[in-house]
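Take a look at the model before reading on.

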Amino acid sequence: MMDNVSVVTMFTLSGLSGTKNYRIILFLVTLLCYCVIWLVNLTIIVTIIVDKNLHQPMYIFLCNLCINGLYGTAGFYPKFLIDLLSTTHVISYAGCLLQGFVLHSSACADFSFLLLMAYDRYVAICHPLVYHSVMTKQKVCVFVFFAWLIPINLIFIGSVTTAKLRLCGSRILKIYCINLMVGKLACSVSIAHTAVPAFNYTFYFGHFIFIIWSYANLIRTCLKSKENRSKFMQTCVPHVFSLVVVVVSLLFDLLYMQFGSKQFSQSANNFMAIEFLVIPPVINPLMYGLKLTQIRNRIQHFICSKISVFSLKS
């Protein structure tokens with residue numbers, strides 16, 4: 001698999017070493033969870049695409065957030081399900097880098113779309129008179145394009161620096177690959193491998209600060225008007241909830257990487273490792289589907305029409 005220095009062609013994922021006794025149950029639960037993720041996210045995506053009344057900036061950003069949820073989970077669940085049915089848990093070098101790229105870029109894109117949604121609500125509530133001139137279709141398309149392009153480019157650079165590392169190990173203490181865990185196997189740390197993640201963390205921490213600033217302004221504005229308070233509760237609460245879910249989920253993962261293998265059981269480690277791949281992709285579309293009236297009404301109308309059709313046929 002490797003020589004004494006750096007030729008690594010396969011990695012061993014050791015996170016599933018203690019799941020032999022309940023592997024089938026875990027496989028069924030994971031498969032059910034992945035199906036639910038596809039169902040709830042695809043429902044929101046199709047609803048927004050089909051209904052022309054929902055072709056507005058807020059819903060376009062939401063649609064892309066759900067697409068990103070499917071993109072990120074596709075980098076984990078298929079491989080994880082295969083590993084649950086296998087006695088050996090290995091991944092190729094290229095496969096490891098690809099999985100790390102998908103998971104990292106998806107997490108970063110989450111922040112990009114949450115930032116756009118916060119900016120959209122900030123302009124709509126704090127500067128309503130200029131909203132339609134600021135959030136034009138052309139500008140929304142540009143925002144969405146860069147919300148995908150920037151994370152992909154930043155993480156691609158990080159993946160390239162990781163690929164250039166000389167490795168002295170092949171055992172990853174996790175159930176999936178990310179660049180940070182591969183970097184821990186490096187024989188020596190390069191400046192580029194340290195600088196690129198540091199820049200990325202700083203860049204997306206800036207996203208978080210901007211989101212907090214925008215919501216602080218939103219709350220201050222909404223306190224002055226009953227109409228704005230109603231608008232805030234209707235459209236902004238789901239955004240705030242999604243932000244909290246994403247941030248807490250990623251903090252769980254960072255906590256795992258910092259303390260997991262030393263302080264917690266394997267089951268707790270695995271939960272912290274996959275929490276951001278389970279909770280946000282399920283909760284976000286459910287929260288928006290239940291809270292946003294236009295989406296909820298559109299889904300209810302579709303379900304009721306199908307029930308009526310089936311009733312007539314029977």
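Q: Is Phe143 buried, partly exposed or exposed?
A: This is a predicted model. Phe143 has a relative accessible area of 26%. Buried would need under 20%, and exposed over 50%. So Phe143 is partly exposed.

Q: How many aromatic pairs does the structure hold?
A: Rings count as a pair if their centres lie within 6.5 Å. On that basis, the total for the structure is 16.

Q: How many residues apart are Tyr119 and Phe143?
A: Tyr119 sits in helix H4, residues 93-126. Phe143 belongs to helix H6, residues 137-163. The pair links distant parts of the chain, with a separation of 24 residues.

Q: Why is the pair of Tyr119 and Phe210 tilted?
A: The ring centres lie 6.4 Å apart. Stacked needs planes under 30 degrees apart, edge-to-face over 60. The pair is tilted because its planes are at 40°.

Q: Which helix holds Phe210?
A: Tyr119 lies in helix H4. Its pair with Phe210 ties together parts 91 residues apart in sequence. Phe210 is in helix H8.

Q: What is the relative accessible area of Phe210?
A: Phe210 is partly exposed. Its value is 27%.

How values were computed
Residues numbered from 1 in each chain as written. Predicted model: local features only at pLDDT ≥ 70, side-chain atom pairs only at ≥ 80, totals over all residues. Heavy atoms only, no water. Phe/Tyr/Trp six-rings, centres within 6.5 Å; stacked < 30°, edge-to-face > 60°. Helix = DSSP H or I, 4+ residues; strand = E, 2+ residues; numbered from the N terminus. Buried < 20%, exposed > 50% of the residue type's maximum accessible area, 1.4 Å probe, protein only.
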